[in-house]
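Hi,

Here is the structure I said I'd pass on. Have a look at it first, and then read my notes on the charged side chains below.

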Amino acid sequence: MPRPILASIHTTALQNNLARSRAAAPDAKAWAVVKANAYGHGIERVFEALRSADGFALLDLDEAQRIRALGWRGPILLLEGVFEARDLELCSRLELWHAVHCDEQIDMLAAHKTHVPHRVFLKMNSGMNRLGFTPERFRAAWTRLNALPQVDEISFMTHFSDADGARGIHHQMRIFNEVTRDLPGERSLSNSAATLRHMGSVALDDDDALVSDWIRPGIILYGSAPDYPEHTSADWGLLPTMTLSSKIIATQTISTGASVGYGSTFVAEHPMTIGIVACGYADGYPRVCPTGTPVLVAGQRTRLVGRVSMDMLIVDLTPLLAGGLSVGMGSEVTLWGRAGNGAVLSIDEVAQSAGTLGYELMCALAQRVPVQVQD
C-alpha cells in the first residue's frame, strides 16, 4: 500500500469561506485570490468551489492561463501587473485586467499595440512601501494612463499593512481618500483582514471611510484567521479547507530518562508510549515545530515530542491510552485540519507553534504528498 500521508481539500469549506467573505461585504464584488497555486491547494482543485466569485486574482500568467483553460470567462486580475512588455500581448489575448504600480508599466502600455483597450488597476503606495505610486505621484500617473488609447477603465487599489492589528487602516484610508476623492473608478482595497475586521465598521469621519467595490479575500478562503491569535478561524465562521493526515506506523514504549529523535532534545520524565507517524519536513510539516506542538490522534488532542525528521515525527500516546482510548499502529493522525470524528486542529495553531503563519504551511505542502478533493 502507499505511504499513508494524505492532504485533503474540502470544497464545502471553500464555499463556506467565500460566502463568509461576501457576508462581511455584501455590497462589494469579490475576487477569489488564488495566487501561489491557490495557497498550495491547487487551482484546478479549488476552481469549482470558488467559481461563484466575481473574479479571480493571482500573480502569474501561467495561473491565468490555467483559469481560462478551466472555462472561466469572467475577470482575472494580475495583482502585480506585467513584468515585461510582451506580457501585455497575453493580457490582450486572455482579456486580463492588471495592476499598474510603476512608471515602467505605464511606458509598456504606451508602446503596446492593441485593438482592445486594457482594464487596469492603478496602485497607490499608501504606507505599505512595497508596490505602488506614492500619494504625491499618484494623480500624475492617473493622468498619464487616462490619456492612453491603450487603456480603457482605470480602477484603484492599495494594500493595508496593519489591517490585522491595533494600528488598523485609518491612516492609510485617509491618504487614499484624499488623493482619489474626485477620480472616477472602482476601488479594490480590502484584503482578508480588512474584509472581516473593517468592512461595515463606522469610520471616524469621511476622510478615512472604507469603501471597497471589490474585496480581495485570500487567506480567509482557505480557512485561516488573518488576525490569529486575536481571533480564531472559528470566531470568524471559517472552516478548514486543507487537512494533512497520516497514520501511526509504529509504537515504542520508553522508560524514564530515554531520549527521542535526533539530538536527544526530548527526554522522558516518566515511562511513555510514543507513536511514530509517517510525516516529516520533506512532506511540508515544519521541522522547527517543537515538543508540545498539538496533534490529533484518532481525533483526540496530544502533542509532538522530539525533533521532526525528514520522513517521520513522534507523538505522545501516553495520555490517550491512560484515558482508555485504543490507539496504536494504523491510528489516524491529523497534523492540521479536520479529523475523521469531526474534531478540528487549526492550521493557525500549528503554525504559531512553528513561529510562522498558516499561509506558509499551506504553501509548503510537498509535491510528494498525495492530494484528494472531497466535500
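**Salt bridges**

Let's start with Glu-349 and Arg-301, which form a salt bridge with their closest N and O atoms 2.1 Å apart. Glu-349 belongs to helix 11 (residues 347-353) and Arg-301 to strand 15 (residues 300-305), so this pair ties together parts that are 48 residues apart in sequence. Glu-349 is partly exposed at 22% relative accessibility, and Arg-301 is partly exposed too, at 47%. Keep in mind that this is a predicted model.

Next up is Arg-22, which makes a salt bridge with Asp-54; here the closest N and O atoms are 3.0 Å apart. This one also links distant parts of the chain: Arg-22 is in helix 1 (residues 11-24), while Asp-54 is in the loop between helix 3 (43-50) and strand 3 (55-58), 32 residues apart. Arg-22 has a relative accessible area of 24%, so it counts as partly exposed. Asp-54 is partly exposed as well, with 26% relative accessibility.

Then there's Asp-162 with Arg-167, whose side chains meet in a salt bridge at 3.9 Å, N to O.

Cheers

Terms used:
Residues are numbered from 1 along each chain as its sequence is written. This is a predicted model: local features need pLDDT of at least 70, side-chain atom pairs count only at pLDDT 80 or more; totals for chains, interfaces and linings use all residues. Side-chain values use heavy atoms; hydrogens and water are left out. A salt bridge is a side-chain nitrogen of Lys or Arg within 4 Å of a carboxyl oxygen of Asp or Glu. Helices (H or I, at least four residues) and strands (E, at least two) are DSSP runs, numbered from the N terminus. Buried means under 20% relative accessible area, exposed over 50%, partly exposed in between (1.4 Å probe, protein chains only).
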